[in-house]
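Me: I am new to this kind of picture and would like to learn how to read it step by step. Could we go through the features together, with the general idea and then the case at hand?

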Amino acid sequence: MTNPKPTVAITFGAILAMVLSISVAVFAGAPEKPADYDPTDGWDIPPPVENIENPVDDNDDARSQGERLYERECASCHGDSGQGDGPDASDLDDFPGDFTSDAFAELPDGVIFFMTKEGKDDMPAYDGDLTDQQIWQVIRYIRTLE
Ligand code: HEC
C-alpha cells in the first residue's frame with residue numbers, strides 16, 4: 001500500500017506556488033513615471049498635427065462635458081488626478097502619462113488629439129468611440145488638471 005502523504009504534500013506545494021505567484025502579480029504595482037518622462041517618447045507624430053487648433057471653445061460647458069467623458073473613458077488608467085494612477089494602471093506595460101506635468105503642458109492640443117484618436121500599445125485608439133468634438137472637450141478638461 002502506498003502512502004498518500006506525498007500526494008498531499010505535492011498538492012499543497014502547488015497551491016502555495018499558485019497563491020504566491022498571484023500575490024506577486026497583484027503587488028507588482030503600476031508602471032512608474034520615468035525620471036526623464038517625455039510624453040512623446042515612442043510616438044510617431046506627424047508634424048502637421050501640432051498646428052491643429054482646438055475648435056471647441058474653452059468654457060464651463062466644454063470642460064464639464066469633457067470631465068464626464070474623461071471619468072467614463074480615461075480615468076480607469078490615467079487616474080482621476082491625471083497622474084497615471086488609475087485603478088487599472090497596474091495592468092499596463094507602460095506608464096500612461098502625467099497630465100499635470102510641465103512636459104505634458106507643453107504639448108500642443110493637436111498632438112494630444114492625435115494621440116487620443118490613434119492610440120499606441122495599451123493606449124486605446126478612440127477614433128470612432130468618441131467623436132472629434134468629444135475628444136476636443138476631453139482635452140479642454142485635461143488642461144484643467146494640475
Ligand atoms: C486601458 C488604459 C488606458 C485608457 C482607458 C486610456 N489610456 Fe491614454 N494611455 C495609456 C497608456 C498605457 C499610455 C502610454 C502609451 C505609451 O507611451 O506607450 C497612454 C498615453 C496617453 C497619452 C500620451 C501621454 C503619454 O505620456 O504617453 C494621451 C494624451 C492619452 N493617453 C490620452 C488618453 C485619453 C484622452 C483617454 C480617454 C479618452 C485615454 N488616454 C484612455 C492607457 C490608457
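**A glycine in a loop**

Reply: We can start with Gly86, which is found in the loop between helix 3 and helix 4 (102-105). Helices here (H or I, at least four residues) and strands (E, at least two) are DSSP runs, numbered from the N terminus. Keep in mind that this is a predicted model, in which local features need pLDDT of at least 70 and side-chain atom pairs count only at pLDDT 80 or more, while totals for chains, interfaces and linings use all residues. Residues are numbered from 1 along each chain as its sequence is written.

Me: Is Gly86 buried or exposed?

Reply: The general idea is a count of neighbours: a residue is buried if 20 or more other C-beta atoms lie within 10 Å of its own, exposed if 12 or fewer, and partly exposed in between, with C-beta atoms placed from the backbone. Gly86 has 20 other C-beta atoms within 10 Å and is therefore buried.

Me: Which residues does Gly86 touch, not counting residues up to four places away in sequence?

Reply: Two residues are in contact if their C-beta atoms, placed from the backbone, lie within 7 Å. With residues up to four places away in sequence left out, Gly86 touches Ala75, Ser76, Cys77, His78 and Gly79. The C-alpha atoms of Gly86 and Cys74 are separated by 8.7 Å, and these two residues are twelve apart along the chain.

Me: How many helices and strands does the chain have?

Reply: The chain has six helices and zero strands, and from the N terminus on its elements run α-α-α-α-α-α. Of the 146 residues in the chain, buried residues make up 22%. Among contacts with a separation of 6 or more, 66% join residues 24 or more positions apart.

Me: How do helix 2 and helix 6 pack?

Reply: Two packed helices are described by the angle between their axes and the distance between the axes. The axes are lines fitted to C-alpha atoms, for helices over the stretch in contact, and angles run from 0 to 180 degrees between N-to-C directions. Helix 2 (residues 60-73) and helix 6 (residues 132-142) pack at an angle of about 100 degrees, with their axes 7 Å apart. Angles under 35 degrees count as roughly parallel, over 145 as roughly antiparallel, 65 to 115 as roughly perpendicular and the rest as oblique. Helix 2 and helix 6 are therefore roughly perpendicular to each other. On the side of helix 2, the contact includes Ala62, Leu69 and Tyr70, and on the side of helix 6 it includes Gln134, Val138 and Tyr141.

Me: What is the arrangement of helix 5 and helix 6?

Reply: The axes of helix 5 and helix 6 come within 10 Å and cross at roughly 120 degrees, and the two helices are therefore oblique to each other. Asp109, Ile112, Phe113, Thr116 and Lys117 in helix 5 meet Ile135, Trp136, Val138, Ile139 and Ile142 in helix 6. By class, this contact has seven nonpolar, one polar and two charged residues, where Ala, Val, Leu, Ile, Met, Phe, Trp, Tyr, Cys and Pro count as nonpolar, Asp, Glu, Lys and Arg as charged, and the others, Gly among them, as polar.

Me: How many residues of helix 6 are buried?

Reply: Helix 6 is mostly covered, as eight of its eleven residues are buried, including Trp136 and Ile139. What covers the buried residues of helix 6 includes helix 2 and helix 5. In helix 5, the buried residues include Phe113 and Met115, and the buried residues of helix 5 pack against helix 6.

Me: Which residues are closest to the ligand?

Reply: A residue is near a molecule or strand if its C-beta atom, placed from the backbone, lies within 6 Å of it. Here 22 residues surround the ligand, and the closest are Pro39, Cys74, Cys77, Gly97 and Met123. Helix 3 (75-78) and helix 5 (109-118) each supply at least two residues of this shell, whose residues divide into eleven nonpolar, five polar and six charged.
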